Amino acid sequence: MSEHAFLSTRKGLFELTSNGSAWEWGAAHFLGEPVSITLPDARDGTLYAALNLGHFGVKLHRKDAGSDSWTEIAAPAYPLKPEQSADPVEWKNKLIWSLEAGGADQPGVLWAGTLPGGLFKSSDRGDSWQLVRSLWDVPQRSQWFGGGYDVPGIHSICVDPRDSKHVLVAVSCGGVWRTEDGGASWSISATGMRADYMPPELNENEAVQDPHRMVRSAGNPDLLWCQHHNGIWRSDDNGRRWQEVRAVPLSHFGFAVAVHPRDGNTAWFAPAEADQRRIPLDAALAVTRTTDAGKSFAVLRAGLPQQHCYDLVYRHALEVAPDGRTLLMASTTGSVWLSGNAGDTWETVSTSMPPVYAVRFA
Amino acid sequence: MARLIFTQQLARFTPVPQVETDASRLRAGLDSAFEANPALRGYVLDDQGHLRENVVVFIDGRRSLDRVRLDDPLKPDSTVYVLQALSGG
């Protein structure tokens, strides 16, 4: 059973700890500072926290296993933009939006996805970072655009547990990209997705898709799920082709998806009414769960607010623990809920936290 | 010698030296502060070496408007304040 969970919020990083039967608030870190994402690295117990200081930029901190103190380490930084570059994008790290560990056979390897669309790799636990130029330089990047932010960004990084050189990343808005050589080369991997927000002739252009969140089942690595701007998609061939899941209750729109760590046919979603109205349908919060690869869904409401609820669950704010039953969900208006039975019932942990960007178990 | 004074808001994150410099331009003056504490550079300047958009510099009571070249002249008796802009709050 997981003993720790971490909430990255607008005003700090907060820990929840479990004593085996109940979860309680633990330590708070970086109180008052925006923490965009946190990575508990299961390989060595290190905790990484990415900050986005309002005045002083993107920072990255590391806390070693067993240590009580944080060390500021290098933040991913873009190289100097060539003077002759025609790229309209500023080569400046605006946000660390995703942070993932490399494979179990790659100690020290980290991946960081950023705004405005750069993927960074570290081989030394974040002491240094390199922009993955092979992805930054793909010609299709000129078609990418911002989704929710003014510039594109990488929010999902899925390392294949069978082969650490195989990595999928998802870009809002720039589709899904695949490397099979550790990042030396990349190809677009969004076949089957559809962008209704584009002119009809561009609906199926893979490089303009807006996957809001993409997750991989560790136990079934070929099975991936994607909550997309225009619906829910899944892949059963490691992201090579994507199939739309059409039997979706409540709404096709949302940001978050969590997949069962061993059963890739089980996934959870937190739908919002629509793009133009990002609140729970009828102001009543629900989580949807499929256990049959999207053929059917259960709508789970027990314990969740059913009146005057305007909470939005952002893309990194719904997670399932390694036990496959414990779920943590939080909202941009500071509510936090836990479930110990795969979402059948929920308990409210707080309704007064800062806006929550991301939750994670360790 | 021009004097550089950094907001104590920065001291929450990294040591902020008070620097006296014979630099005749702002960027060179800032560089002398970054020599004293290299970590300070990333708090004041962005990836491209431009002044961060929510940091503001005053030289002898006048706000520096150029964020890219940072070539405002410094006089031997100049006082430079590096502050956080309220826009970033």
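Trainee: In this predicted model, what is the bridge partner of Phe6(A) in E2(A)?

Mentor: Glu15(A) is the partner of Phe6(A) there.

Trainee: What makes strand E1 and strand E2 of chain A count as paired?

Mentor: Two strands pair if DSSP finds at least two bridges between them. Here six bridges join E1 (residues 4-9) to E2 (residues 12-18), and the two strands run antiparallel. So by that cut-off of at least two bridges they pair. The link from E1(A) to E2(A) is a hairpin of two residues.

Trainee: And how do you know that E2(A) and E3(A) pair?

Mentor: Same test: at least two bridges are needed, and E2(A) and E3(A) have five, in the antiparallel sense. One of the pairs is Phe14(A) with Ala28(A) of E3(A). Their hairpin has four residues between the strands, and in it Gly20(A) takes a positive phi near 105°.

Trainee: Why are E3 and E28 of chain A called edge strands?

Mentor: Look at the order of the open four-stranded sheet in chain A, E3-E2-E1-E28, with antiparallel pairing. Strand E3 (23-29) and E28 each pair on one side only, and they are the edge strands. From one strand to the next, the twist averages 20°.

Trainee: Where does Pro355(A) sit?

Mentor: Pro355(A) is in the loop between strand E27 (347-350) and strand E28 (356-361) of chain A.

Trainee: Why does Pro355(A) count as partly exposed?

Mentor: Buried takes 20 or more C-beta neighbours within 10 Å, and exposed takes 12 or fewer. Pro355(A) has 16 inside 10 Å, so it lands in between and counts as partly exposed.

Trainee: Which residues does Pro355(A) touch, leaving out those up to four places away in sequence?

Mentor: Thr9(A), Arg10(A), Thr332(A), Thr333(A) and Gly334(A). As for Val313(A), it is 42 residues from Pro355(A) in sequence, with 9.9 Å between the C-alpha atoms.

Trainee: On to chain B. What makes it as compact as a globular protein of its length?

Mentor: First the layout: two helices and five strands, running β-β-α-α-β-β-β from the N terminus on. The radius of gyration of chain B is 12 Å, and the globule rule gives 12 Å for 89 residues; the two values are close, so chain B is as compact as a globular protein of that length. The C-alpha trace spans about 30 × 25 × 25 Å along its principal axes. Buried residues make up 33% of the chain. Of the contacts in chain B with a separation of 6 or more, 53% are between residues 24 or more positions apart.

Trainee: How do you know that the buried residues of helix H1(B) are on the same side?

Mentor: Take the buried residues of H1 (residues 26-36) in chain B: Leu26(B), Gly29(B), Leu30(B) and Ala33(B). They cover an arc of only 95° around the axis, which puts them on the same side of H1(B).

Trainee: What covers those buried residues of H1(B)?

Mentor: The cover includes, from chain B, strands E1 (2-6), E2 (19-21), E3 (55-59) and E5 (79-84), along with helix H2 (41-44).

Trainee: Last one: how many residues of chain B are in contact with chain A?

Mentor: 15 residues of chain B are in contact with 13 residues of chain A. By class, the chain B side has six nonpolar, six polar and three charged residues.

Note on methods. Residues numbered from 1 in each chain as written. Chains lettered and ligands numbered in written order. Predicted model: local features only at pLDDT ≥ 70, side-chain atom pairs only at ≥ 80, totals over all residues. Arc of directions from axis to C-beta. Contact = placed C-beta atoms within 7 Å. Nonpolar A, V, L, I, M, F, W, Y, C, P; charged D, E, K, R; others polar. Axes fitted to C-alpha atoms, helices over the stretch in contact; angles between N-to-C directions. Rg over C-alpha atoms; globule rule 2.2 N^0.38 Å.
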